[in-house]
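Please open the model in your viewer and keep the sequence beside it.

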Amino acid sequence: MSDLRTTLVGYVTYRGREGHWSFLLHRITGLGVVLFLTIHIIDIAFVYFNPTLFMKAIEIYRSTLFGIGEIFLVFCVFYHGVNGLRIAYLDLFKPQGWHIESQRRSARWTLGIALILWLPSALWMLRNLLMHNYGFFGG
Amino acid sequence: MATATQTARRVRIKPNYETIAWKWMRYSAFAMIPLVWGHMILQDVIVGVHRIDLDYVAMRWASLFWRIYDTLLLGFAFAHGVNGLRQVLNDFIHADRARKIINWLLFLFWLIITLIGGAALIGGVNQPFPLS
């Protein structure tokens, strides 16, 4: 149990600035995605094992709460992807690029690129949500 | 400061399971950028959950291309995700025995969910046509 405490306290109190923040974001987004992915594999498996249950799951996904969750999920996938590319590229092809200064810069760029990729998707999904659930935009 | 001579020495270390897992996380990242982003942008943004139903899945899986696409997604993404979960858990659990147990549990978890997903991919939409 002390392992748990030590690690969690370390996660919060470590002062590594951008590197630390991107580590935390990578973990949080990754855990979020794998949680949804597990549920998603099972709900898609319902189309074969129990089609009625599949439509029940889809109904839940169409609710406003899950719609908002979906918008955040898309951010998680974009951020985890861009940051994952950064890690994979540096680790595999340019390990000498793990300098603190350049890492700070690339961590900021990563967040920026993820946000730029996410915003149009987020707005479009919000539009779909308002249209189907609240009758906006002629829905 | 005295001058020091630097000598570089290449060391070959036999790759073990952890090396393979480490590489897997990184190489699968490159494969998943088009796979996962493509899937997500198409299904969550362009099509949207309000237009997805049994008919839609049946239509999509009528094409072998999309079934292969989804098989690749399942294979790459879920293995990447479960190994990521294992890495996170290894930060919290340090005892060898406990790690061994976690490894086995996660392996079984990965295997069972992958088999369930794979069965659906092969079986397809389990309803006679036309869909009601």
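A crossing of two helices is called left-handed if the near helix is turned anticlockwise from the far one by less than a right angle, and right-handed if clockwise. Please keep this in mind for the helix pairs below.

**Confidence.** The model is predicted, so begin by colouring both chains by pLDDT, the predictor's confidence in each residue. Chain A has a mean pLDDT of 94, and 99% of its residues reach 70 or more. Among the elements of chain A, the lowest mean, 85, belongs to α1(A), and the highest, 97, to α4(A). For chain B the average is 92, with 94% of the residues scoring at least 70. The complex receives from the predictor an ipTM of 0.93 and a pTM of 0.92.

**A pair within chain B.** Select α3 (residues 64-92) of chain B together with α4(B). Two packed helices are described by the angle between their axes and the distance between the axes. Here the angle is about 165° and the axes lie 10 Å apart. Angles over 145 degrees count as roughly antiparallel, and therefore α3(B) is roughly antiparallel to α4(B). The crossing of α3(B) past α4(B) is right-handed. Show the side chains next: residues of α3(B) in this contact include B:L74, B:F78 and B:R86, while those of α4(B) include B:F109, B:W110 and B:L121. By class, the residues of this contact of α3(B) with α4(B) are twelve nonpolar, six polar and four charged.

**Between the chains.** Now display the contact of the two chains, to which chain A gives 37 residues and chain B gives 38 residues. On the side of chain A that touches chain B, α1 (2-13), α2 (17-49), α3 (51-61), α4 (64-93) and α5 (100-134) each supply at least two residues. The largest share, 14 residues, comes from α2(A). This side of chain A has 24 nonpolar, eight polar and five charged residues.

**A pair across the contact.** Finally, select α2(A) and α4 (residues 96-123) of chain B. Their axes come within 8 Å and cross at roughly 40°, which makes α2(A) oblique to α4(B). In which hand does α2(A) pass α4(B)? The crossing is left-handed. Among the residues in contact are A:I41, A:Y48 and A:F49 of α2(A), and B:I116, B:A120 and B:G123 of α4(B). The residues of this contact of α2(A) with α4(B) comprise eleven nonpolar, three polar and no charged.

Definitions and conventions:
Residues are numbered from 1 along each chain as its sequence is written. Chains are lettered from A and ligands numbered from 1 in the order in which they are written. This is a predicted model: local features need pLDDT of at least 70, side-chain atom pairs count only at pLDDT 80 or more; totals for chains, interfaces and linings use all residues. Two residues are in contact if their C-beta atoms, placed from the backbone, lie within 7 Å. Helices (H or I, at least four residues) and strands (E, at least two) are DSSP runs, numbered from the N terminus. Ala, Val, Leu, Ile, Met, Phe, Trp, Tyr, Cys and Pro count as nonpolar, Asp, Glu, Lys and Arg as charged, and the others, Gly among them, as polar. Axes are lines fitted to C-alpha atoms, for helices over the stretch in contact, and angles run from 0 to 180 degrees between N-to-C directions. Angles under 35 degrees count as roughly parallel, over 145 as roughly antiparallel, 65 to 115 as roughly perpendicular and the rest as oblique. pLDDT is the predictor's confidence in each residue, from 0 to 100.
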